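This report describes the cavities, pockets and cores of one protein model. The sequence and structure come before the details.

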Amino acid sequence: MDGPTRRRFLAGSGLALSGLAGCTGPRTDTGDSTTPTQTPDASLSALELGVDSVASGFTAPVDVVAPRTDEYFVVDQAGQVAYLGPDADEPTMALDITDRMVDVSGYDERGLLGLALHPSYDGSGRAFVRYSAPRRDGTPENYSHTFVLSEFAVADGTLNPESERPILEIPEPQSNHNAGSVAFGPDGFLYVGVGDGGGGGDVGTGHVTDWYDAVDGGNGQDITENLLGSILRIDVDSEGEDGQPYAIPDDNPLVGQSGLDEQFAWGFRNPWRFSFSPDGTFFVADVGQSRYEEVDIVEAGGNYGWNVREGRSCYQAEECPSETPDGTPLQDPIIQYPHDGGAVSGISVIGGYLYDGEAIPALTGRYVFADWRANGDLFVGTDTDESRWSVTAVPVTDGGMGSNVLSFGRTQSGEILVCSTDEGGLSGSTGAVHRLREA
């Protein structure tokens, strides 16, 4: 790519993200199916966006972390982390763990999925890496793989592969719905997204029975049998009982109650990407099944509905409850959009960030996100002081953003980074990281 920086890195293998899209299957939409307001915001009607190249040559850049000015760690799902420092013209290899992952080729949702640097990082420190490993002890033989969250020592733009310390391992029954986000919240604790275990509909191998008898499944509504279908919150600065490599924050919602203490919120299908706003608001984008994509504002102990509901609608039932038997409400998304038709539609939501930079004043205070099938647009969510945010499609007309958006990042100054590719499968090196600007 001949861009402003002429930066390229890694033309090796990587992953297609088309598998993040909702599975097709039985679906009865007879609940509250009214979609949120999607009338374009008049104040955004004239806005066109552009991008500047930060780094390119990747296969599937699924995460980018920018801890300091002009410093980037780029996660390629194929198994590598690249580092681009403030004085460098070319990225260098920060970590390669392809020999520790499952083999990935063709369509696959496994691989190297996320990275979080400890808040104390100042050029050295600790990094927390999320990847898909072959079945480890404790993962049944008929399961797909093991979810691994590990700690690595990082210094001078390199993660030391010999320093790996496994923090958390979760048996994954299917190959898909792995989520991938890991991020430190403003409270200093590590938040980890976990999908419902894969397949379709939250049923099948590895999916337990929940409280809702009208629909089979599932892990999204279970809080006692496994950690699937949840957002986890753990303390990686302390050890737990019996030398466990993390502790449980005392105010996690299930501490002292029935349920697994790591869980912070549940009722998710595939929370692929999430982020915290500067004021601590927690945005989680949850990939839908066959009709709707959603973005939630997540709070401790919240239940976000899957697989009783898909977005605001009943899933596979003519009627469905709005709360659990103990009276806990099933939380509705702030943003919902359909798979078919309209200026705002798609097949797999890609969560972004609330904008607080200076380069694009029109976006200030708005949530910037996308669908995997971007087709040259980004989406902008605006808080309308109601439960449903408005959503506007804004075109990216300048700079060559890829046709498929995979993920977002945020610089220390609040500017938005976009990870994209032109490939819909496991091939090529069109993956790139861009910085968003006005056209």
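On a 1 Å grid over the protein atoms alone, a cavity is a set of points where a 1.4 Å probe fits but cannot get out, a pocket is an open set with protein on both sides within 12 Å along at least five of seven lines, and lining residues have an atom within 4 Å of a point. Points are joined across faces, edges and corners, and a volume is the space filled by probe spheres set on them.

The model is predicted: local features need pLDDT of at least 70 and side-chain atom pairs pLDDT 80 or more, while totals for chains, interfaces and linings use all residues. Residues are numbered from 1 along each chain as its sequence is written, and side-chain values use heavy atoms, without hydrogens and water.

The count comes to two cavities of 30 Å³ or more. The lining of the largest cavity is formed by Arg 269, Asp 286, Val 287, Gly 288, Tyr 292, Glu 294, Trp 306, Arg 309, Glu 310 and Gly 311. Strands S17 (292-297) and S18 (309-310) each give two or more residues to this lining; strands are DSSP runs of E, at least two residues, numbered from the N terminus.

| Space | Volume |
|---|---|
| Largest pocket | About 850 Å³ |
| Second largest pocket | About 270 Å³ |
| Largest cavity | About 50 Å³ |

The largest pocket has 30 lining residues, with Val 65, Ala 183, Phe 184, Tyr 353 and Gln 412 closest to its centre. Elements giving two or more residues to the lining of the largest pocket include strands S2 (61-65), S11 (182-184) and S21 (349-354). In the second largest pocket, 14 residues form the lining, and Ile 223, Leu 254, Trp 266, Asp 326 and Thr 328 lie nearest the centre.

A nonpolar core is a set of buried Ala, Val, Leu, Ile, Met, Phe, Trp, Tyr and Cys residues joined through side-chain atoms within 4.5 Å, where buried means under 20% relative accessible area with a 1.4 Å probe and protein chains only. The largest such core holds 67 residues, and Leu 159, Leu 363, Leu 378, Phe 408 and Leu 436 have the most contacts inside it. Beyond its neighbours within four places in sequence, Leu 159 is in contact (heavy atoms within 4.5 Å) with residues including Phe 73, Leu 115, Val 129 and Phe 152. A separate second core of 18 residues includes Ile 170, Leu 190, Val 192 and Leu 232.

Overall, the protein has zero helices and 27 strands. Of its 439 residues, 60% are buried.

Note on methods:
Helix = DSSP H or I, 4+ residues; strand = E, 2+ residues; numbered from the N terminus. Buried < 20%, exposed > 50% of the residue type's maximum accessible area, 1.4 Å probe, protein only.
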